[in-house]
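Try each task before you read its solution.

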There are 2 protein chains.
Amino acid sequence: MKISILGSGMVGQTIAQKLAQIGQDVMIGTRSPQKLAEFAAQNPGVKIGSFSESAAYGELVFNASKGDVSLELLQSVGEANLNGKILVDIANPLDFSHGMPPSLFVGNTDSLGEQIQRALPGVKVVKAFNTLSAPLMVDPGALAGGDHTLFICGNDAEAKAHLTALLGEWFGWRDVLDVGDITAARATEALLPLWVRLFMKFGTGNIQFKIVR
Amino acid sequence: MKISILGSGMVGQTIAQKLAQIGQDVMIGTRSPQKLAEFAAQNPGVKIGSFSESAAYGELVFNASKGDVSLELLQSVGEANLNGKILVDIANPLDFSHGMPPSLFVGNTDSLGEQIQRALPGVKVVKAFNTLSAPLMVDPGALAGGDHTLFICGNDAEAKAHLTALLGEWFGWRDVLDVGDITAARATEALLPLWVRLFMKFGTGNIQFKIVR
C-alpha cells in the first residue's frame, strides 16, 4: 500500500521505518529533506518528498506533524491531494508556551481533530495514535504483551474499520477502541496532560492507557 | 475513624455505607435529611447531619458533592471545621448545559481541585476517586480483580501517603498512583469527557482506567 507520512520527527520516522520494513511503499513529506539524510541512508526503502508530493503519493496519509503547524501544513498540501483518503491524525494541540507540563491550545468544546476535519471536509479524518509514544505505536507488544488500548475516533465508520484492520495487520494492535465520531477527539486529546505528567514521573514513554472492562 | 461525607447522592451514600459496614464512624452532611430517610433506616450506623455538623465531626472529609456546588458548599461549612484535615475531593467540574457528553466548566490551566485548595488553604486537599464509578471506588476488586489505577494528587505528601494506606485498608486498592501536586487535578479531571463517552458506549460504569507500565 502507498502511504504518506506528513512530518519527519520521531513519530513520522518511526512509522515510516516500520511500514517500509514490512513491505509497504512509504513517502515521508518534509519541509527539510536535508535533515533526513542519515535516516534516508539507513532506510533506502523510504521515499522522501515535499509535503505535497507525499500527500499525492499516499492512498492513506498519516499526519505526524506538530499540532501547532498541522492545520496550516494540511491546507498547504491541497485538498485535491487528500480528498477521499483516510487521514490518520496523530497530532496533539500541545501548548508549551508556559513550560512543562503543556496545556492545550484547543480543547473542551472543540479539538484539533475537529478543526482538521472542518478544514478538509472531503477527507476521512481518523484520530489515532495521539495518546502513546512512537515506539509503542508500531510495536504495542513491547509493553505488557500488547495488553493496552488504542483510541480511535472519526466520522467515517468504514474508514475506522479499515484502519483498525490495518493496524492489527501491520503492528499487531489487538485493543483498538472506537470512541465515537470526530468530536471524541476532545476526549482523547485531553489525555495528553496526564500522559505528559506520567512520562515525567516515570522517566519513560513506555507507558500506556488501558481501558479495563 | 470519624469520617465526614459531604453530599448525599450515589457517591456519598455508597462510600458512607461501605465505611460504616467496616466499622468506621460516618456522618453524611446533607441539605435534605428527609431525602435520606430510607437510606438512614437501612444504614442505622450512618449518622446524618447538616454540612457543618458533618464537617465538624470528621477527622477526614470526603467532598462527594456535585462539582458545580462544591466550592460554595465547602466555603459555607467554614474553614474552622475543615482546617488541618484531609479533604478527599471527588467532584468533577462537569457542565451538562449543552447536553451529553458534558464539557468542563474549568480546565486546561486550572481545575476544580485547585479552586478548592485556593479557597481553603488550611485544608489538605487530595483529589481522588473522580475518575470511576461509585461501586468501584469502594470495591475495586469487582472489576478485573482490582487490576486498574486510582489517580491521586495534592500538595501534601504525607496526606497522600496516609490516604493511600487507608484506601488499601478500607477498600483493597492496590494501584494508587500519585500523579503530582494539586495542579495535576487538571489532568485527572480531564479524563471525565472520555470516561462519560465510554460509559455511554458500554452502557455501564463498570469500566476503569489502568496505567500499564
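Two residues are in contact if their C-beta atoms, placed from the backbone, lie within 7 Å. Keep in mind that this is a predicted model.

**Exercise 1.** Find what share of the contacts in chain A between residues at least 6 apart in sequence join residues at least 24 apart.

*Solution.* Start with the contacts whose residues are at least 6 apart in sequence, then keep those at least 24 apart: the share is 72%.

**Exercise 2.** Work out whether chain A is as compact as a globular protein of its length.

*Solution.* First, list the elements: chain A has nine helices and eleven strands. Finally, the box filled by its C-alpha atoms is roughly 40 × 35 × 35 Å along the principal axes.

**Exercise 3.** Trace the open sheet of eight strands in chain A and find the strands at its edges.

*Solution.* Step one: read the order, β3-β2-β1-β4-β5-β8-β9-β10, where the pairing is mixed. Step two: β3 (46-49) and β10 (176-178) of chain A each have a single partner strand, so one side of each lacks a neighbour in the sheet. Step three: from one strand to the next, the twist averages 25°.

**Exercise 4.** Describe how β9 and β10 of chain A pair.

*Solution.* Strand β9 (residues 150-154) runs parallel to β10(A), with three bridges between them. For one residue-level check, Leu150(A) has Val176(A) in β10(A) as its bridge partner.

Methods. Residues are numbered from 1 along each chain as its sequence is written. Chains are lettered from A and ligands numbered from 1 in the order in which they are written. This is a predicted model: local features need pLDDT of at least 70, side-chain atom pairs count only at pLDDT 80 or more; totals for chains, interfaces and linings use all residues. Helices (H or I, at least four residues) and strands (E, at least two) are DSSP runs, numbered from the N terminus. The radius of gyration is taken over C-alpha atoms; the globule rule is 2.2 Å times the number of residues to the power 0.38. Two strands pair if DSSP finds at least two bridges between them. Axes are lines fitted to C-alpha atoms, for helices over the stretch in contact, and angles run from 0 to 180 degrees between N-to-C directions.
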